[in-house]
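Please look over the sequence and the model below before reading on.

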Amino acid sequence: MSTPELALWHRAEQDAAQDRLDAARETYEQLARHPDWRVPAELRLSHLAQQQGRLLDAGEAILAAAAGEQDEGVLAAAVV
C-alpha cells in the first residue's frame, strides 16, 4: 500500500471522526478506485452510509467490498 493512499486514508478517518462525513465519503470513494484499498474503503463507505441513514447505499457498499474480497475472515474482522 502506497504512501499517497495511506495519507488519504488518514485524512478520511480524521474527517469521519470529526463528523465531516461528506468529506470522508469523498475520500473513501477516491480510495475505493485503488485495488489495494478497495475493500477497506468500501467497508468504511458502508459504515458512513449507515450512519447517515442511507441503508441502500450501505448495502451496496458492503456488497462491493464482499465482491472484492474472497476471504470471509477479512470481511468479518473488518466489520467487527
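Arg54 counts as partly exposed, because its relative accessibility is 25%, and the cut-offs place anything under 20% as buried and anything over 50% as exposed. The model in which this value was computed is a predicted one. Arg54 sits in the loop that joins H3 to helix H4, the latter covering residues 55-68. When neighbours within four places in sequence are left aside, Arg54 is in contact with Arg25, Leu48 and Ala49.

Helix H3 runs over residues 38-51 and has 14 residues, and from its first C-alpha to its last it reaches 20 Å, close to the 20 Å expected at 1.5 Å a residue. Which residues of H3 are buried? They are Val39, Ala41, Glu42, Leu43, Leu45, Ser46, Leu48 and Ala49.

Ala49, one of the contacts of Arg54, lies in helix H3 and counts as buried because its relative accessibility is 1%. Apart from neighbours within four places in sequence, Ala49 is in contact with Arg54, Asp57 and Ala58. The C-alpha atoms of Ala49 and Leu21 are separated by 9.0 Å, although these residues are 28 residues apart along the chain.

Ser46 is also found in helix H3, and with a relative accessible area of 9% Ser46 is buried. Not counting residues up to four places away in sequence, Ser46 touches Ala58, Ala61 and Ile62. For Ser46 and Ala61, the C-alpha to C-alpha distance is 4.9 Å, while the two residues are 15 residues apart in sequence.

| Pair of helices | Axes come within | Crossing angle |
|---|---|---|
| H1 and H2 | 8 Å | roughly 155 degrees |
| H2 and H3 | 8 Å | roughly 155 degrees |
| H1 and H3 | 12 Å | roughly 10 degrees |

The axes of H2, which covers residues 21-31, and H3 cross at roughly 155 degrees, and that makes H2 roughly antiparallel to H3, since angles over 145 degrees count as roughly antiparallel. H2 passes H3 in a left-handed crossing. On the side of H2, the contact is made by Leu21, Ala24, Arg25, Tyr28, Glu29 and Leu31, and on the side of H3 by Arg38, Ala41, Arg44, Leu45, Leu48 and Gln51. Sorted by class, this contact of H2 with H3 has seven nonpolar, one polar and four charged residues.

For H1 and H2, whose axes also cross at roughly 155 degrees, the two helices are therefore roughly antiparallel to each other. The crossing in which H1 passes H2 is left-handed. H1 contributes Glu5, Leu8, Trp9, Arg11, Ala12, Glu13, Asp15 and Ala16 to the contact, and H2 contributes Leu21, Ala23, Ala24, Thr27, Tyr28, Gln30 and Leu31. By class, the contact of H1 with H2 has nine nonpolar, two polar and four charged residues.

How are H1 and H3 arranged, roughly parallel or roughly antiparallel to each other? Their axes cross at roughly 10 degrees, and H1 and H3 are therefore roughly parallel to each other. The crossing of H1 and H3 is left-handed. In this pair, Trp9, Glu13 and Ala16 of H1 meet Pro40, Ala41, Arg44 and Leu48 of H3. The residues of the contact of H1 with H3 divide into five nonpolar, no polar and two charged.

Asp19 lies in the loop between helix H1, residues 3-17, and H2. Phi of Asp19 is near 60 degrees, which is a positive value in a residue other than glycine. Asp19 counts as exposed because its relative accessibility is 63%.

The protein chain has five helices and zero strands, and its pattern, read along the sequence, is α-α-α-α-α. Of its 80 residues, 31% count as buried. Among the contacts in the protein chain with a separation of 6 or more, residues 24 or more positions apart account for 38%.

Terms used:
Residues numbered from 1 in each chain as written. Predicted model: local features only at pLDDT ≥ 70, side-chain atom pairs only at ≥ 80, totals over all residues. Heavy atoms only, no water. Helix = DSSP H or I, 4+ residues; strand = E, 2+ residues; numbered from the N terminus. Expected span 1.5 Å × (residues − 1). Buried < 20%, exposed > 50% of the residue type's maximum accessible area, 1.4 Å probe, protein only. Axes fitted to C-alpha atoms, helices over the stretch in contact; angles between N-to-C directions. Parallel < 35°, antiparallel > 145°, perpendicular 65-115°, else oblique. Left-handed = near helix turned anticlockwise from the far one by under 90°. Contact = heavy atoms within 4.5 Å. Nonpolar A, V, L, I, M, F, W, Y, C, P; charged D, E, K, R; others polar.
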